[in-house]
Amino acid sequence: MSDKVFTNITRRGFLGTSLGGAAMLAAGPSFAVGKTLNVLSHKVHQTVLGSGSGDGDLLKDWRTGNDAEIVWTTFDSNPLQDRLFREASLNTTDFNVGYIVDNRPTKQIAAMFEPLDSYLEKDAIEDFGDIAPGLVQGMTVDGKLIGIPVRHATQGLFYNEALLEEQGISAPPTTLEELVEQAQKLTFTSKAGTPVAGMVLASDLAVFPVMFARAFGGDFINAKFELLPNPEAMEKGLTVLRKMFESGALPRSYATTKNDDQVTWLQQGRAAFTVLPFARNAQLNNKEQSKFPGKIKAIEFPISSDLKGKVPMSSIVEAWGMVIPANSKDKELSWKFIKEVSSKRVTLGMARNGNGPVRVSTYADQSFVNNPVAAVEAEVLKNARGAFPPFPEAARAQSIFLEEVQLAVLGRKEIKEAVASIATRVKPLLQA
Amino acid sequence: MRLNKITEALPFLAPVQILILSVIVIPSLYVVWLSLNASSFGQSATFVGLDNYIRVLTDPAFLLALGNTVLIVIFAVHLELALGLGMALLFASGLPFRRVLLVAVLAPYAVSEVIAVAMWRFLFDPDVGPVTAMLTWLGLPMLDWSFEPSHALIMIGLLTIWLHLPFTFIILYAARLAIPKDLYEAARIDGATAFDAFRRVTIPLLGPAIVVALLFRYIFAFRIFSEVWLMTQGGPARSTEVVAVYLYQEAFSFNAFGTAAATAWIMVLASLLLATGYVFLLRKQVAGNVH
Amino acid sequence: MCTDKLAIGLGKTVAVAVILVWSLFPITFILMSSFKPGQDIFAVPPKFVFSPTIQHYVELWNGWGVFFGGLLNSTIITAGATVLAITTSTAAGYVYSRYSSRMLNASVMFLIIVRLIPPIVVTLPLFPIINAIGLNDTHIVLMVLYATFFVSLGTVLMRTFIDQIPRELDEAAQIDGAGRLTILRRVIVPLAAPGILAVAVFVVVFAWNEFLFAFIFTATRAKTAPLVISEMIGSIDGVDWGVLFAASTVQLIPVLLFVIFMNRYLVAGLTAGATKG
């Protein structure tokens, strides 16, 4: 009984009761519409839609057309997935649409989300065949399509050209060894008086150590579920990271650095190199946020000199899909949202705002081809693959991996020991 | 008291007891059952006996978390007690504007853990924090909390002290005010020095209050979660995790409800153990109140 | 002798200054920074003189509508939890004060022992249960949780305060033909008002600031202000510290004023709570 009373109290409901301060709240822009669509995502997914930025808002017409307000709840990548699965495991959830990364949907997880094939049949997405089939495959579990691809993020190496020039470096690195050398040189105090770190990397994502291992031909868990297929390569990769940390080329706050910090540090000229999705190019060079608009460039992450020219660098690509929790309400509205976001117009608009487009046609669009990194990205994408494949204990495996990596990089554990311990600790999780 | 009066009183007692039974007691007992099973999302529970307890107690991450929790309890709580005691004596020795000062000391009590963490993270930010800048300017080493686990623990400890010092201070201050003035008068006439008076009068008479403040803070510091979660999330490399954060990770990041439940019961038992002395003291008081 | 006094006076002044800086510096610094223009927030050395601006509050208003929703939720939940905790613990405290038996004493002990159970322990089983009865992400869940974790302290506190009300007053009312409930309402409640306010201070401060339960049991509809602020900490883009400080200020000021005005009851409650329960 009382439960009903309280669940029915919404912000709108309260306005009617002329509660103190309600008049003030009414002035807020987001209170004056009929329906609410709750979206659970990473901040970047919201940003690329240009929400809240007036004319740049790609979904403005959709919102008025459907008389619906979009409310975003955003978290960093890992907490986002925790939250999404927790919400989907409930009887009902208020979240209408969630964003899932392609290395998480296992059988058990996929079962918590609405199969989308029938939606697609009833109310098709504009030119669905145009969406990269590989990405659609990644969102298909047990023959069921559970997510519509919305973003792919191919990791590239970003550098601040102005800082490189300041230290007399005329060309970006072509091998990993050169990258390390340049990063050391770029650990200095710039003319502007800013202390610069050679490179900034988040420590809570497997992506970065895996990239360094791949530069030596190694991996964490490959697509065939082989754990540490080349342990020596992982050791070499971690040795490089550790040396960079010891020399200050990775900042001292490495252990608490988050994904968003990488963007800020590069924009502020506090770091010369970072590894981020190519799609971040627009944001990094944004005139309003960045102190170095137009000066931040991207190239393929360089492979080690031993392997250069022998094998291609296999960078990491991650894809995000939009899912509808099976326990959510008003799935029709969710589907309308997904349909709109997947349309050619919005896909292109998001790409301009710094989203890795999932449509092949976007790459053919003139206004996007002018994007300086599109060609590089297309080249890197040919050899790119995920950081690790989905399996039930993937979250714990990633956490163990990162714990050992951090210990090794911070110099608290011998690298050999750390790699050996990744092997013994993760192995049982793969068998489970 | 006759039985009919007790039944008459039941409706007054029922709401409190129902709340406590349904929200705390029964769920806690359910945790016992959970802790004897292995379960996760979309996976039915299977009975595994004490397996979860063995797993947790042999997990190096748990032992580290336990060690960190104990460190925080020991260092932060005792330092807080010493500070609180010093402040109580200072206030009792007579200060101008005592009421205003008292309110100033109470202020951190109003601050949410979330905001306290935001404040402290900013003040001690290794790159832009004003306190860091001040320390560097004074030629002192900065608190390198984002890198050194020990510094991160110090930072968490300081934050905990900052948030809870008002509590410890008030308890000790009230107890100090309750000591009759004549006792000090008598000590002075007997030729006792200020230090003698402190040792012979203040400490013995504050004893019970000190014990109460300590035990309260032991129990509450042992469950510390928000400060750590919001400050470091247990990092770097899980080195600043505490037991409650370990529990959260098991339950809500890895969805391993069995080991999470086992951790929960280990926490309950540890709290009970910490509190036995306290309960023993209170039993005397409850008995005292009967008359 | 005179220099001694001077030295003591000086020592005390220094000690008081240190205490004031320790308690108030972090708070004032954040309040101040919320009015600083963006670039001044990071100024080294920190600026204490600056031209105040409300730009961060404007940004907060325009960009974080969800924060104001959170404030409203916090207000509803705090009010509900406080009323629930006060009514239930006053009733129980009354009985514990006026009756005594082996059973009742045992149940007081039980209330005290229950306080020892860490809140995070019950999140684990309550999560599926609350979900099963469809109460997830509602105000009522947090009201009940917050009230429950304070009713044991509340009951013991109320007993202590009601103990100080002479029994003769109840008896006189009883002779006039008043029932238990009438006595509680007409005699006890008015005289135990300081105790009720003490309990209220505890519950209000706790419910307004709580993080863990809100973090686990709410998603969108019942999200409280501290939770929104924690999300701001998580998704901050470096330059947004000003907005974070503005939000912190808005969340902090009401509860800070409340504690300042109610400091007498807080002190009375802490003292009684610590020595009796």
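At what angle do helix H12 (residues 207–214) of chain A and helix H13 (residues 231–246) of chain A pack? The angle is about 115 degrees, and the two axes lie 7 Å apart. This is a predicted model.

**The H12–H13 pair in chain A**

- H12(A) and H13(A) cross in a right-handed sense.
- From H12(A), the residues in the contact are Pro209(A), Phe212(A) and Ala213(A).
- On the H13(A) side they meet Ala233(A), Met234(A), Gly237(A), Leu238(A), Val240(A) and Leu241(A).
- By type, the residues of this contact are eight nonpolar and one polar, with no charged residue.

**Helix H20 of chain A**

- Helix H20 covers residues 394–409 of chain A, and its 16 residues should span 22 Å at 1.5 Å a residue.
- Of the 16 residues of H20(A), 14 are buried, so the helix is largely enclosed by the rest of the structure.

**Gly56 of chain A**

- Gly56(A) sits in the loop that runs between helix H4 (43–47) and helix H5 (60–66) of chain A.
- Gly56(A) has 13 other C-beta atoms within 10 Å and is therefore partly exposed, given that a residue counts as exposed at 12 or fewer and as buried at 20 or more.
- In sequence, Gly56(A) is 61 residues from Asp117(A), while the C-alpha to C-alpha distance between the two is 31 Å.

**Make-up of chain B**

- Chain B contains twelve helices and two strands.
- Along the sequence, the elements of chain B come in the order α-β-β-α-α-α-α-α-α-α-α-α-α-α.
- A box of roughly 75 × 70 × 30 Å, taken along the principal axes, holds the C-alpha atoms of chain B.
- Chain B has 291 residues, and 46% of them count as buried.
- Among the contacts in chain B between residues at least 6 apart in sequence, 68% join residues at least 24 apart.

**Contacts between chains**

- Between chains B and C, 77 residues of chain B are in contact with 73 residues of chain C.
- Helix H1 (residues 3–35) of chain B contributes 18 residues to the side of chain B that touches chain C, the most of any contributor.
- That side of chain B is made up of 67 nonpolar, five polar and five charged residues.
- Between chains A and B, the contact takes 17 residues from chain A and 15 residues from chain B.
- The side of chain B that touches chain A consists of seven nonpolar, six polar and two charged residues.

**Nonpolar cores**

- The largest nonpolar core has 183 residues, and Ala147(C) and Val203(C) are those with the most contacts inside it.
- Helix H7 (residues 139–163) of chain C gives the most to this core, with 17 residues.
- Leaving out residues up to four places away in sequence, Ala147(C) touches Leu19(B), Ala81(C), Leu84(C), Ala85(C) and Val203(C).
- Another core, of 125 residues, lies apart from the largest one, and its members include Phe85(A), Phe113(A), Leu205(A) and Ile316(A).

How values were computed:
Residues numbered from 1 in each chain as written. Chains lettered and ligands numbered in written order. Predicted model: local features only at pLDDT ≥ 70, side-chain atom pairs only at ≥ 80, totals over all residues. Contact = placed C-beta atoms within 7 Å. Nonpolar A, V, L, I, M, F, W, Y, C, P; charged D, E, K, R; others polar. Axes fitted to C-alpha atoms, helices over the stretch in contact; angles between N-to-C directions. Helix = DSSP H or I, 4+ residues; strand = E, 2+ residues; numbered from the N terminus. Left-handed = near helix turned anticlockwise from the far one by under 90°. Expected span 1.5 Å × (residues − 1). Core = buried A, V, L, I, M, F, W, Y, C linked by C-beta atoms within 7 Å.
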